Amino acid sequence: KIFSGTAGGSSWTERDTGRTSAGKYNFERFNFDGNDKLIVVDGSNDPTVFNTSIAATDVTASSVEGAKYVTAFKNHMFYAGMSSTPQEIVFSQPFDEDAFNSGSGAGSVKVDDTVVGLKAFRGDLFIFCENRIFKMTGSTSSDFAIVPVTRDIGCVNGDTIQEFAGDLIFLGPDGLRTVAGTA
């Protein structure tokens, strides 16, 4: 369940009542239309967007239901970790986290490994997988391109992906690694 609290924590209000079997929550803050928003994914339910009034709106596209990972990149929302398509990354139309018309700039890409995390960093989107790491470059669906960073090392746990000292660090099978050192 998702709750908000009052100042001082004297009362709590449930903000999203339809969640079932939620796993670990991941979220992204974004602002595509001049309004700050928060999007939440949990590996089981529809992604949910909260506006500044903390009103919840579900992203009901079946292609992103049950997403575990979400990140904003180049004015698109990227979703990954769906149990039925663990190697697929789905992205929304520009400036709309809840629209998926391919003729308007939405789409999807597949990699040849199970995605365990996404991280936008220095103008690129890094796609961390169990045994590989990829990088997406470009600005729109017409020029997005995926190139391998490494096909030999993956990320053990996507929650470990962090920006630190001007690089991305993550937990690999042999310990903490940097993307720059891994490439």
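Strand 3 (26-30), strand 7 (69-73) and strand 11 each put at least two residues into the lining of the largest pocket; strands here are DSSP runs of E, at least two residues long, numbered from the N terminus. Strand 11 gives the most, with five residues. The model is a predicted one, where local features need pLDDT of at least 70 and side-chain atom pairs count only at pLDDT 80 or more, while totals for chains, interfaces and linings use all residues. Residues are numbered from 1 along each chain as its sequence is written, and side-chain values use heavy atoms, with hydrogens and water left out.

The volume of this largest pocket is about 380 Å³. A pocket, on a 1 Å grid over the protein atoms alone, is an open set of points where a 1.4 Å probe fits, with protein on both sides within 12 Å along at least five of seven lines, and lining residues have an atom within 4 Å of a point. Volume is the space filled by probe spheres set on the points, which are joined across faces, edges and corners. Of the 17 lining residues, Asn 26, Phe 27, Val 70, Leu 118 and Gly 158 come closest to the centre.

Strand 11 also belongs to a sheet. Four strands make up this open, antiparallel sheet, in the order 11-12-13-14, where two strands pair if DSSP finds at least two bridges between them. Strand 11 (115-121) and strand 14 (145-150) are the edges, each pairing on one side only. Six bridges link strand 11 to strand 12 (residues 124-129), and Gly 117 has Phe 128 as its bridge partner in strand 12.
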